[in-house]
Amino acid sequence: MLFLLACTSPDDSAAPEDTATDWEFVAPDEEGPYGVSATTMKWTDARGQDLVAEVWYPVDACDEPEPYPEITIEGEACRDLAPSGGGRPIVAFSHGFAGIRYQSIFLTEALARHGFVVVAPDHPHNTFLDLDMDASAEVALRRPGDVVSSVDELLRRSEEGDPILGGVADDGARYAMTGHSFGGWTTLAVAGGVTDIDALRAWCKKDPENDLCSFADGFPEGAEVEGAPDPRAVVAVPMAPGGWYSFGDAGLATVAPTLQFAGDRDSVETLDEEARPLYDRLPAPKAFALLAGAEHYAFSDICLIGDLVPDCEEEAGGYIDLDTAHAIVRELTIAWIQVYLRGDDRYAEWIADRWDALTLESSP
């Protein structure tokens, strides 16, 4: 179930001047015309940071999906196949606190099936496998730079004829940004948000229990967030984001057109303290999609690993069915990105129709 709290209809004010209707229209709730393959990039960036990122891209067909590395979950992606065509528009994804780059394959694989190339870095010392709580402040400052570096590395490999990724991406002048939880905050920072460390410290003196306040004291004097904002990131889709107070009074007013997802049972980034205040500070065009019965991790595939969080109980625990949640998120995300990254107004009409249909469904 999805309730609409507020939505400004997609329009042409922030879309590309040239609409991209040369693509065949494929409804976002359809499978998509491509198979999907994934590959792993490893490199050392200009900051001296060692990074690992996953890249998903369209292929003609994927007949034998393979598990992802490190944590052997399996989706619908093959490994290292030849791309189907090239010049694909880019979407970047940022995982949550203690997540991993392929934590939301329900979305990243679907984007590739619909013709996008998706890149998602592991944020060092903040993944499921290498979490270091003492490094949290450093991670927060570095996260946007990890994303920007990943986009740059994808473009470099595409332009220089990498054996797998050669030619796969467009020129990277524009890309879409999405992420979950801490990755939702990262999404806002990359896609136009202006962080204000002093404002965060001031807020945390009043309310030290809020989200980023747990490590705000670790920011050194004069600290700045790396790589953000990136003017190339022209679309934002944060899922269950928090930390709106780290952007000060006006830092969210410059964020790109945003589709924000939230869950009404989210106990981590709560509706009244995190989701609503954040949305209220975003500029139009924007949309707020509230999933009834969704806890914090309904926007991930963590339950493929095991019953680690309450969301995995699904309807038995009074939560949203995860297949339903994932379908809503990927469908609206694909359509939103088609409108604001590619300028395809056919998807704006689809969003309006789908939104009306969703608001008529009953609560789980």
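**Ground rules.** I number residues from 1 along each chain as its sequence is written, and I use side-chain heavy atoms without hydrogens or water. The model is predicted, so I take local features at pLDDT of at least 70 and side-chain atom pairs at pLDDT 80 or more, while totals for chains, interfaces and linings use all residues.

**Helix H3.** I looked up H3, residues 182–190. Helices here are DSSP runs (H or I, at least four residues), strands likewise (E, at least two), numbered from the N terminus. I find 9 of the 9 residues buried, so H3 is largely enclosed by the rest of the structure. Buried means under 20% relative accessible area, exposed over 50%, partly exposed in between (1.4 Å probe, protein chains only). Phe 182, Trp 185 and Leu 188 are among the buried residues. I checked what they pack against: strands E5, E7 and E8, and helices H2 and H5. Gly 192 follows H3, with a positive phi near 115°.

**Arg 232.** I place this residue in the loop between H4 and E8. Is Arg 232 buried or exposed? I read 18% relative accessibility, so Arg 232 counts as buried. Its side chain makes a polar contact (N or O atoms within 3.5 Å, one able to donate a hydrogen and the other to accept it; residues adjacent in sequence count only if both atoms are side-chain atoms) with the side chain of Asp 152, at 2.9 Å.

**Leu 308.** I found Leu 308 in the loop between E10 and H6. At 47% relative accessibility, Leu 308 counts as partly exposed.

Terms used:
Contact = heavy atoms within 4.5 Å.
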